[in-house]
Amino acid sequence: MSNENTVDSSSIATEESALHEDSQEFSEGASPVDPVVSLTNDLQRLQAEYQNYRKRVDRDRALASELAVAAFLMELLPILDDLDRAREHGELEGGFKSVAEQIERTVEKLGLVKFGEAGTPFDPQIHEALMHLTSADVTEATATQILQPGYKLKERVLRPARVAVTDPE
């Protein structure tokens, strides 16, 4: 019976030393990881990733929508030019006049802005020079004649205004 007691006491001593070594490993290295803290961190990281994903998708959707509207309006620019020419020649009358006005109101609602006025300083960002003149009447390069109006959608130039530029002599 004494042999059994010795074996038991030696095995107990071995187990205690193993537990003591394990506890030293935790105290020397990384602290024991609490599963609740670990899962909470994972959840927070996943929520942040999802929020970033949603923001990116919303931004991409808005950009795709804006590009689609711009492409549609680009196709309408020749029609708007024809309406302007018809108005200049007095050919917009009756029912066709109301249709033309409705088309113009609709493109304005979509954000299309017509620009280009004679007498404004020449800006190569928004003007395309088709003719070049000189005159003593101007002090800087000036768009003196608008040959074809330009169009903007928000801050984006869809088509520059085609102009005749007059430089000082």
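Mentor: Residues are numbered from 1 along each chain as its sequence is written. Because the model is predicted, local features need pLDDT of at least 70 and side-chain atom pairs count only at pLDDT 80 or more, while totals for chains, interfaces and linings use all residues, and side-chain values use heavy atoms, with hydrogens and water left out.

Trainee: What makes E5 and E6 a pair of strands?

Mentor: Strands are DSSP runs of E with at least two residues, helices are runs of H or I with at least four, and both are numbered from the N terminus. Two strands pair if DSSP finds at least two bridges between them; strand E5 (residues 150–153) is joined to E6 by 3 bridges and runs antiparallel to it, so the pair meets the definition. Within this pair, Tyr-151 stands opposite Arg-159 in E6.

Trainee: Why are E1 and E6 said to stand at the edges of their sheet?

Mentor: The open sheet has 3 strands in the order E1-E5-E6, with antiparallel pairing. Strand E1 (112–115) and strand E6 (156–159) each have a single partner strand, so one side of each is left without a neighbour in the sheet.

Trainee: How do you know which strands pair with E7, and in which direction do they run?

Mentor: Strand E3 (residues 127–135) is joined to strand E7 (residues 161–168) by 8 bridges and runs parallel to it, with Leu-133 opposite Thr-166. Strand E4 (residues 142–148) is joined to E7 by 5 bridges, and these two run antiparallel; here Ala-143 has Val-165 as its bridge partner.

Trainee: What makes Lys-152 a charge over the ring of Phe-115?

Mentor: The definition asks for NZ of Lys or CZ of Arg within 6 Å of the ring centre and within 35 degrees of the ring normal. Lys-152 lies over the face of Phe-115 at 5.4 Å from the ring centre, so the contact is counted.
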